Amino acid sequence: MTCKIPPDRRRLRHALVLVSLAVALACAVVAALALGSVRIPPGEVLTILTGGAEPSPFRTIVLDVRLPRVLLGAVVGAGLAVVGTVLQALVRNRLADPFLLGISSGASTGAVLVLVLGIGSGIGGGITTTVAMPAAAFAGSLVAMTLVYALARRGSTMTGGRLVLAGVTVSYILSALTTLVLVVSARPEHFQEALFWTLGGLGSARWGTLVVPAAVLVVGTAVLMALARPLDLLLVGEEGATVLGLDTARFRAAVFVLASLVTGVMVAASGAIGFVGLLVPHAARMVVGASHRPLLPVAALGGAVVLVVADLAARTVAAPQDIPVGVLTALLGGPFFLWLMRRRPEGAPV
């Protein structure tokens, strides 16, 4: 016989988890600002962040080089984790993830097209390019998500195997299209820049690249928090959600568009970083359960911590070589995905 946890105790546990993750994120941020090719004492980092330091090389490194990168890592990690959580509810399958479903590949293709075609480079300078690249990445991610969902469904059913197979297929097609565009462009610098989109990385982070992803994360997460109850209804199944008054087709379409927007903007800022949206939601559910109102903020903070720590490892493991952070997340997430595939039976729902 199982006993239910009282609501007051659940709320207290949720608050403790949020506080613990916030403290972990703060510690990870300080460590990421202090460690690197140039080591800075943590006390000096805190002094710089509080505005008490005199102009110095340390101050320049922290505020102009490392802080934008660390904050972008937190924003992108949170965004990918939130999108992964929502996708798993929408398709009722815990194998869902922006990277595995080809959505990140679609966003990368859109961003590379902007890069190769030079859209916005001659009009309005960097501001127009900053807008054009997320817009193209959003369009690419939306197309990829639509294709995967259409290919995976057979009538009213969709199994985990078909979903993953459709995602891998669409991802390969879009990767081939990206390569074709780069070859046709015949400009070697495009290959070097495109490597960023395929492997993922935060090395190009600047203060100007942080504004759009942060705004999209805040607004997107707020909207999804407001939709927590309909997302919970999807967990009971298509028929059950419909009986309870949810227009599942319209709701899924709207949230798919929002998830594509968030994914596209994150990929435009960081490239395709995989498995954060797969790992973090699973860990968050183990701690706070499947209800989306407590789950989404925990997933967001967890994703921020994971990507900040992963990027710190990418900068320091083979220093002074900067490893693409997407390589490390793939090395961590790949074995977890294989374990999850073996653990869950075919067609198992969320």
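Which residues in H12 are buried? In H12 these are Val-276, Gly-277, Leu-278, Leu-279, Val-280, Pro-281, His-282, Ala-284, Arg-285 and Val-288. Buried stands for under 20% relative accessible area, exposed for over 50%, and partly exposed for values in between (1.4 Å probe, protein chains only). The model is predicted, so local features need pLDDT of at least 70 and side-chain atom pairs count only at pLDDT 80 or more, while totals for chains, interfaces and linings use all residues. Residues are numbered from 1 along each chain as its sequence is written, and side-chain values use heavy atoms, with hydrogens and water left out.

**Figure 1. Overview of the chain.** The chain holds 14 helices and zero strands. Helices (H or I, at least four residues) and strands (E, at least two) are DSSP runs, numbered from the N terminus. Read from the N terminus on, the elements run α-α-α-α-α-α-α-α-α-α-α-α-α-α. Of the 350 residues in the chain, 48% are buried.

**Figure 2. Helix H12 and the residue that follows.** H12 covers residues 276–288, which is 13 residues. From its first C-alpha to its last, H12 reaches 18 Å, close to the 18 Å expected at 1.5 Å a residue. The expected span is 1.5 Å times one less than the number of residues in the helix. Because 10 of its 13 residues are buried, H12 is largely enclosed by the rest of the structure. Just after H12, Gly-289 takes a positive phi of about 90 degrees.

**Figure 3. The aromatic pair Phe-99 and Phe-275.** The structure holds two aromatic pairs. In the pair shown, the ring centres of Phe-99 and Phe-275 are 5.7 Å apart and the planes stand at 45 degrees, so the pair is tilted. Phe-99 sits in the loop between helix H3 (57–90) and helix H4 (103–117), and Phe-275 in the loop between H11 and H12, so the pair ties together parts that are 176 residues apart in sequence. Rings of Phe, Tyr and Trp (its six-membered ring) pair if their centres lie within 6.5 Å; planes under 30 degrees apart count as stacked, over 60 as edge-to-face and the rest as tilted. Phe-99 has 29% relative accessibility and therefore counts as partly exposed. Phe-275 is buried, its relative accessible area being 8%.

**Figure 4. The end of helix H11.** Ser-270 lies in H11, which spans residues 248–270. With a relative accessibility of 1%, Ser-270 counts as buried. A polar atom of the Ser-270 side chain lies 2.9 Å from the backbone oxygen of Met-266.

**Figure 5. Salt bridges around Asp-311.** The structure holds four salt bridges, each a side-chain nitrogen of Lys or Arg within 4 Å of a carboxyl oxygen of Asp or Glu. One of them joins the side chains of Asp-311 and Arg-69 at 2.9 Å, N to O. This pair links distant parts of the chain, with Asp-311 in helix H13 (residues 292–316) and Arg-69 in helix H3, 242 residues apart. Asp-311 and Arg-69 are both buried. The side chain of Asp-311 also meets that of Arg-315 in a salt bridge (3.8 Å, N to O). Arg-315 and Asp-311 both belong to H13 and are four residues apart, about one turn of the helix. Salt bridges with shared partners join Arg-69, Asp-311, Arg-315 and Asp-322 into one network.

**Figure 6. The salt bridge of Arg-250 and Asp-247.** The closest N and O atoms of Arg-250 and Asp-247 are 3.8 Å apart in this salt bridge. Arg-250 has 65% relative accessibility and counts as exposed, whereas Asp-247 is partly exposed at 42%.

**Figure 7. A nonpolar patch on the surface.** Val-143, Leu-147 and Leu-151 form a nonpolar patch with about 260 Å² of accessible area together. Patches are made of residues with over 30% relative accessible area and no salt bridge; like charges are joined within 9 Å, nonpolar side chains (Val, Leu, Ile, Met, Phe, Trp, Tyr) within 5 Å. Accessible areas come from the Shrake-Rupley method with a 1.4 Å probe, and for residues only the protein chains shown count as cover. Leu-147 lies in helix H5 (residues 125–152) and counts as partly exposed at 42% relative accessibility.

**Figure 8. Val-327 and Gly-200.** Val-327 lies in helix H14 (residues 325–343) and is partly exposed, with a relative accessible area of 31%. Val-327 and Gly-200 are 127 residues apart in sequence, and their C-alpha atoms are 7.7 Å apart in space.

How values were computed. A polar contact is a pair of N or O atoms within 3.5 Å; within protein, one must be able to donate a hydrogen and the other to accept it, and residues adjacent in sequence count only if both atoms are side-chain atoms.
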